[in-house]
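Subject: Structure handover

Dear colleague,

I am passing on the structure below, and my notes on it follow directly after. Please read them with the model open beside you.

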Amino acid sequence: MILTKTWLNEWIDLEDITTETLAKTLNSIGLEVDSVHTYKIPQKIVFGRVLECESHPDAQKLNVCKVDVGSEILQIVCGASNVRAGLNVVVATLGAVMPEGLVIKPVVLRGVDSNGMICSASEIGLGKVSEGIIELDESIGAYTLGAEVASHPLFCDDVIEIELTANRGDCLSIRGVARDLSAAYDKPIKEYNRVENDDKRGIGRILSISHDKDYNLNLRYKAVDLKSLKIPFILKLRLAQIGETIQSDLEAVMSYATHSSGVILRAYDYEFFASATKGMAKIQLKEDVNGYASVKGEQKASIIGVNQEDASKFLSKEGIVLIEASYIPPDLISKKMAEHKVPAGAMFYKTSRGSEPELEGGLLYSLDLLEANSESSIFGGTIEYENSYKEKTVIVSKQEIDELIGAKIDRVVINKILTNLGFNISKSSTDNFVISIPQFRHDIINKQDIVEEIVRLVGIDNIPSKPFVFGEKNRLESDYFDYKKRTIFRHKAAQSGFFESVHFVFDEKKVLQEYGFETTLEELELLNPIVNTLDTLRPTLLSGLLKAASQNAKNGYSCVKLFEVGSVFSPIREESLKMALLHSGDKERDVLANAGKPKKIDFAAFVQKVTDVIGAFELQEHQTKHTLSHPYQCAKVIVGGEMIGELFRVHPEVEKSYDLDVTYVCELDFEKIAHTLKVANKTSKYQASFRDLSVIMPQNMPYEKVKKAIEISVSNEIVRFYPVDKYSDATLGENMSLTLRFVLQSHEKTLEEADITASMNQILETLNTQLGIGLR
């Protein structure tokens, strides 16, 4: 953002503030000054007026001029095509040293004496403002013939370039920067007001607007009957200083008014909209094929906030012009451009970062420029399309502000800062600030943003520093214990021979769906996956482990043991933590003990491996919802009566598809894995007794039924029981023999045979009564 001090002074009174102080203030309030350039016009360059201008008698392209420089009238030979009598000019008198080092001396040009030089802007160090010599006018204010040009404030102006962050689009105008300085200096900003003349011909007689749907944008149109527009010198100079290239006089006025007011302005040829409607122009607001809001007549005229078609631009010297002021939310237009890139015009930079939404001021500002510098007449009234702004409100208490800043800021100071920045605090109470966010501050969202605004205006250097208070406190919060639990179980898995395998939280949706896993809902799916094979959030850790095991098997490893602890996601993107273990191929490595021929991993061995990692658990028959599991080797993992996961052999077809040998996996809900303080249980000092009990039971009866029946009738002396053998043959038919081992022990005495027999008889009676099974 480039501005000059005199231009800024038109919006806020900075007469008593030096450029150095101004630059420091801009830096302190977060508007970082990138550079400051001061124009220095050499001495002996003065204001003059061309009294006479006659052609050189011996040179077609030269003119002999009589120039009044106050104290004398100089004869100067000039070759500029725009020199003429009556023109006020800048004259380098004898002895002046030009910026390029040229010394002005008396010379004779084609036989005619010349005592000075009528200067162009670039010749006195102002850069290229226009073609030919400078044509001074009333726009620069009062000056005296013969006075040093260097003494005039406009010619010794300071140009300041500010480096703005992307969120501060509100400061991409002179008015926007003045608004921040208003808060910094507690000076009022000069609001722009203009009184409309009701006697003028109404715009409604020549223009109407229609729209096909509701759009989140604001538009205002004025009509001008343009005649004899002439751009004043000050406008040309300032546009040159900010690096704007002038395409036409009308475009120059629009660019100048936009940079000054912050309102996005465009000029349309009225005939573009009126050509097919016989004098009544009709603007149509429609959505184009890419979803942009566009202005149309018979053809497209522009995309709001993005570009303007050349055919709709006003290229004539005279005629009716439609002046458009527009505002569209920056996040809306930026997102649309990211989705569908289209060629963008110069104004898109301002629009995409946040232009000025108060359209009336910018529109009237541009109209005043046109009226002041032409013989144009303006049609009365305005044609508008307006979308109501839903005001954002942030509530923050004075205490919260002080706590976030770390210092107490006077409430009166806070009120002034927020009010000068354009925030509405009229609804605030004694304890709370109820702050309505103006539309031009789209970057303000929460109370932290409000506090940041206060801090940058108060000044970080003005907030008293405080020593750090070191107070020891318990830092062991839940995050630490979660981390510790994760670390402990990772180490346990590694100690049990498993290798950690870490994968992306993304997976291939097609593969997951083939195996029956529920994937992320379509409306919540990834918008821009890094690759096509990682196009959804993973609902399981198992697919990643199977891929890793497959790669290890292909690399020649016959015994693959992997684990992972990581996040998985439900269809509605709810995140949870899982732990998965995989064992594929040989039960162990080939060593001397197994004669180099290890057995394959089996269900029991894998269960023992998992037990070594997570501790004791129970298994119950289970059918998974997915198709990775073997239908007859699948169980749910139970701890404390609650299911915490599932354990199964991988289906042979899946093993084949991954080129894997026999493979077992277990996936557990990590949050449900017990990790608490160890509790010491009382142990009996008396001898324990063991009894085996073999019962005949149907082969299709699950062990869970037998276990539950025994638990109901078990006596206090039975410490634990577990199956140790099963047997079946042709003589048993559809039955089998199951041997259970019981451990009996008392805390009060050594159990006698009668005590043991009574406990065992009680169990047999229960089994016979409830399940109809008995001794073998």
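In helix H18 (residues 703–713), the buried residues are Glu704, Val706, Lys707, Ala709, Ile710 and Ser713, where buried means under 20% relative accessible area, with a 1.4 Å probe and protein chains only; helices (H or I, at least four residues) and strands (E, at least two) are DSSP runs numbered from the N terminus. The model is a predicted one, in which local features need pLDDT of at least 70 and side-chain atom pairs count only at pLDDT 80 or more, while totals for chains, interfaces and linings use all residues. Residues are numbered from 1 along each chain as its sequence is written, and side-chain values use heavy atoms, with hydrogens and water left out.

Those buried residues of H18 pack against strands S28 (618–621), S32 (689–698), S33 (718–727) and S34 (735–744), and against helix H19 (753–771), contact meaning heavy atoms within 4.5 Å.

Four of these elements lead on to a sheet. An open sheet of 4 strands runs in the order S33-S34-S32-S35 with antiparallel pairing, two strands being paired if DSSP finds at least two bridges between them. S33 and S35 (774–775) are its edge strands, each pairing on one side only. Between the antiparallel strands S32 and S34 there are 10 bridges, and isoleucine 696 has serine 737 in S34 as its bridge partner.

A separate note concerns another open sheet, in which 3 strands are ordered S1-S10-S2 with antiparallel pairing. Strands S1 (2–4) and S2 (32–38) stand at the edges with a single partner strand each, so one side of each has no neighbour in the sheet.

Best regards

Notes
Buried means under 20% relative accessible area, exposed over 50%, partly exposed in between (1.4 Å probe, protein chains only).
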